Amino acid sequence: MAGRHTIILMQPSQNRATRTFMDFDSVNHALDGICGLYERKIRNINPMVRNLTYDIGDLYNFIDGMTDISALVYDDSLHAFLPYDRQWIKQKLFLHLKRLAHSRG
């Protein structure tokens, strides 16, 4: 899954004008992009904090706070994008961050 073109579709608030997307070369890059969005949000709230810390629950709350979020992941065998929902994104984030933590520890 690491090298599959991934598009994250999201609507952060009820306002339909907030609909947007992020385009990535892989699922892992998309997951990093979602973490980056959350980190920018908490950095904006706490600009004086040098080292940001958060746990998976904080990230889940960020995702659950969005009106809508989903992923489209390209499948080479079908030559099409497959849709995945919020729960899939959260599951993939958990596994991705777990792998990162183990590789650093």
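How do the residues of the lining of the largest pocket divide into nonpolar, polar and charged? They split into 6 nonpolar, 1 polar and 4 charged. Here Ala, Val, Leu, Ile, Met, Phe, Trp, Tyr, Cys and Pro count as nonpolar, Asp, Glu, Lys and Arg as charged, and the others, Gly among them, as polar.

This is a predicted model: local features need pLDDT of at least 70, side-chain atom pairs count only at pLDDT 80 or more, and totals for chains, interfaces and linings use all residues. Residues are numbered from 1 along each chain as its sequence is written, and side-chain values use heavy atoms, with hydrogens and water left out.

**Overall build**

The protein chain has 3 helices and 4 strands. Their order from the N terminus is β-β-α-α-β-β-α. Helices (H or I, at least four residues) and strands (E, at least two) are DSSP runs, numbered from the N terminus. The radius of gyration is 14 Å, close to the 13 Å that the globule rule gives for 105 residues, so the chain is as compact as a globular protein of that length. That radius is taken over C-alpha atoms; the rule is 2.2 Å times the number of residues to the power 0.38. The C-alpha trace spans about 45 × 40 × 20 Å along its principal axes.

**Helix packing**

Two packed helices are described by the angle and the distance between their axes. Axes are lines fitted to C-alpha atoms, for helices over the stretch in contact, and angles run from 0 to 180 degrees between N-to-C directions.

| Helix pair | Axes come within | Crossing angle |
|---|---|---|
| α1 (residues 27-45) and α2 (residues 56-64) | 11 Å | roughly 95° |
| α1 and α3 | 10 Å | roughly 95° |

Angles under 35 degrees count as roughly parallel, over 145 as roughly antiparallel, 65 to 115 as roughly perpendicular and the rest as oblique. On the α1 side, Ile34, Cys35, Leu37, Tyr38 and Lys41 make the contact; α2 brings Asp58, Leu59, Phe62 and Ile63. Contact means heavy atoms within 4.5 Å. This set holds 7 nonpolar, no polar and 2 charged residues.

α1 and α3 are likewise roughly perpendicular to each other. Here α1 uses Val27, Asn28, Leu31, Asp32, Ile34 and Cys35, while α3 contributes residues including Trp88, Ile89, Lys92 and Leu93. The count is 9 nonpolar, 2 polar and 3 charged.

**Pocket and cavity**

On a 1 Å grid over the protein atoms alone, a cavity is a set of points where a 1.4 Å probe fits but cannot get out, and a pocket is an open set with protein on both sides within 12 Å along at least five of seven lines; lining residues have an atom within 4 Å of a point. Grid points are joined across faces, edges and corners, and a volume is the space filled by probe spheres set on the points.

The largest pocket has a volume of about 270 Å³. Its lining includes Asp32, Glu39, Tyr54 and Arg104. α1 and α3 are the elements that give two or more residues to this lining.

The whole structure holds 1 cavity of 30 Å³ or more. Thr6, Ile8, Val27, Ala30, Leu31, Ile34, Ala71, Trp88 and Ile89 line the largest cavity. The largest share, 4 residues, comes from α1. The cavity lining has 8 nonpolar, 1 polar and no charged residues.
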